[in-house]
Amino acid sequence: MMSKWNNSAEWQALVEGVSCPICLRGYPLNIIKELEVSWLTMFEKQATMRGYVCLVSKRHVVELHDFTDAEAQAFMRDMRNVSQAVCAATTCKKMNIEIHGNTLPHLHVHFFPRYAGDQFEGGAIEPKKAIQPAYKDGEFEQIKQAIINVLEQ
């Protein structure tokens, strides 16, 4: 698969927010909670780990250092609160937090709860190599509501 980096004009339009799908829509898909400077999203079908969520900046920035000091502090508070909420809702063993932006340069953070015996135990999470669904029947809604409840406390 060819990277969008190979098309300078396309990549620049994404970086500037001109063609960013989040900016064009005005928000990301599957929002479960609005936070101080971000939206928390959760996707049942795209999840590779039970409790996976994605935190998306409300303002179009590409890198953490693009924030003002106040925005950066608020975003880190949002990250901390999300991490705590997901850990409480899932009782995971470890939380992997990843920031990439290689295909969509609108700052977003992936939260991957890790469990003993998970399909990627002992290594990195590789979504394209997932061999089992993240959720059992009804489990997604239960975990989603538990995360929301913790964030609202």
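Guide: This is a predicted model. Its second largest pocket holds about 190 Å³ of space. The lining of that pocket is made up of 13 residues, and those nearest its centre are R50, Y115, Q132, P133 and A134. Sorted by class, the lining of the second largest pocket comprises five nonpolar, four polar and four charged residues.

The largest pocket gives the context. Its volume is about 940 Å³. Here 26 residues form the lining, with Q46, Y52, T103, H108 and H110 nearest the centre. By class, 13 residues in the lining of the largest pocket are nonpolar, nine are polar and four are charged. Among the elements, helix 2 (21-25), strand 3 and strand 5 each give at least two residues to this lining.

In soluble globular proteins, nonpolar side chains tend to be buried together. The largest nonpolar core of this model has 40 residues, and the members that touch the most others are L40, L55 and I147. Two or more core residues come from each of strand 2 (38-41), strand 3 (53-57), helix 3 (69-90), strand 5 (108-114) and helix 4 (139-151). Helix 3 contributes the largest share, six residues.

Setting aside neighbours within four places in sequence, L40 has contacts with N30, I31, I32, K33 and L35, with V53, C54 and L55, and with V82, I147 and L151.

The cysteines complete the picture. The structure has zero disulfides. A disulfide is a covalent bond between the sulfur atoms of two cysteines. For C23, the closest cysteine sulfur belongs to C20 and lies 3.7 Å away; because a disulfide requires the sulfurs to be within 2.5 Å, this is too far for a bond. C23 is partly exposed, at 32% relative accessibility. For C92, the closest cysteine sulfur is that of C87, at 3.5 Å, which is also too far for a bond. C92 is buried, with a relative accessible area of 13%.

Key. Residues numbered from 1 in each chain as written. Predicted model: local features only at pLDDT ≥ 70, side-chain atom pairs only at ≥ 80, totals over all residues. Heavy atoms only, no water. Core = buried A, V, L, I, M, F, W, Y, C linked by side-chain atoms within 4.5 Å. Buried < 20%, exposed > 50% of the residue type's maximum accessible area, 1.4 Å probe, protein only. Helix = DSSP H or I, 4+ residues; strand = E, 2+ residues; numbered from the N terminus. Contact = heavy atoms within 4.5 Å. 1 Å grid on protein atoms, 1.4 Å probe; cavity = no way out; pocket = protein on both sides within 12 Å on 5 of 7 lines; lining within 4 Å. Points joined across faces, edges and corners; volume = space filled by probe spheres on them. Nonpolar A, V, L, I, M, F, W, Y, C, P; charged D, E, K, R; others polar.
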